[in-house]
Amino acid sequence: MTAAAARVLELLRERGQTLGAAESLTGGLVLAALTDVPGSSDVVRGGVVSYATEVKVGVLGVPAAVVDTVGVVSRECAEAMASGVRGVVGADWGLATTGVAGPGPADGHAAGTVHIAVVGPRESWGAHRVLHLDGSRAQVRDATVEAVLDLLRKTVEAPLSVPSDNVGDRSSRGEAKEG
């Protein structure tokens, strides 16, 4: 994870941009991966571990209607979390992880169902991916960290040439299975 985190930090540092993370199932692992890289403090602004739905709504600004209609394991929730953390920590980029790490299902979703999102300095700079990961709870969480860092890297590298929503987003249309 250190190589992926270092690459993302390098890209953002080159652009003079910062990031924040809103994490649910990863419980701080994304920020831990990023802050393991020496010099990360010039890019990483901070984050919110929003394990509880009330934190997603009250701190990150996820609309209650999203929670009530599609739930917290959803594209809409992940995107709202990523957008919300940008404001909370004052960052250019926000990323988010939400889903079910396991060992069993939750809220009608199988273990390994994960939504990740990235939102950039302009609303057109963003991406989402849904993952269907296999493995233990730890493997699902680690794979989620890798996936969200990869999504951020791809989004930062090509923000003007790729439409919002489609940056590496094959799996949200059911065409790919991560794991």
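**View 1. Secondary structure of the whole chain.** Six helices and five strands make up the secondary structure of this predicted chain (DSSP runs numbered from the N terminus: helices are H or I of at least four residues, strands are E of at least two). Along the sequence the pattern reads α-β-α-β-α-α-α-β-β-β-α. Of the 179 residues, 49% count as buried (under 20% relative accessible area; exposed is over 50%, partly exposed lies in between; 1.4 Å probe, protein chains only). Residues are numbered from 1 along each chain as its sequence is written.

**View 2. Confidence along the chain.** The average pLDDT is 89, and 87% of the residues score at least 70 (pLDDT is the predictor's confidence in each residue, from 0 to 100). Over residues 161–179 pLDDT stays under 50. For that stretch the model has 36 contacts beyond four places in sequence (contact means heavy atoms within 4.5 Å).

**View 3. The five-stranded sheet.** The sheet is open, with the order E2-E1-E3-E4-E5 and mixed pairing (two strands pair if DSSP finds at least two bridges between them). E2 and E5 (126–132) stand at the edges with a single partner strand each, so one side of each lacks a neighbour in the sheet. From one strand to the next, the twist averages 10°. Helix H5 (residues 75–89) packs on the sheet and touches E1, E2, E3, E4 and E5. The direction of H5 makes about 140° with that of E3 (axes are lines fitted to C-alpha atoms, for helices over the stretch in contact; angles run from 0 to 180 degrees between N-to-C directions).

**View 4. Strand E1 and its partners.** Five of the five residues of E1 (residues 19–23) are buried, so this strand is largely enclosed by the rest of the structure. Leu-19, Ala-21 and Glu-23 point one way, Gly-20 and Ala-22 the other. E1 pairs in the parallel sense with E2 (residues 44–49) over five bridges. Here Glu-23 stands opposite Val-49. E1 also pairs in the parallel sense with E3 (residues 93–99), over five bridges. On this side Ala-21 stands opposite Leu-95.

**View 5. The antiparallel pair E3 and E4.** E3 and E4 (residues 113–119) pair in the antiparallel sense over six bridges. Gly-99 has Val-114 in E4 as its bridge partner.

Methods
This is a predicted model: local features need pLDDT of at least 70, side-chain atom pairs count only at pLDDT 80 or more; totals for chains, interfaces and linings use all residues. Side-chain values use heavy atoms; hydrogens and water are left out.
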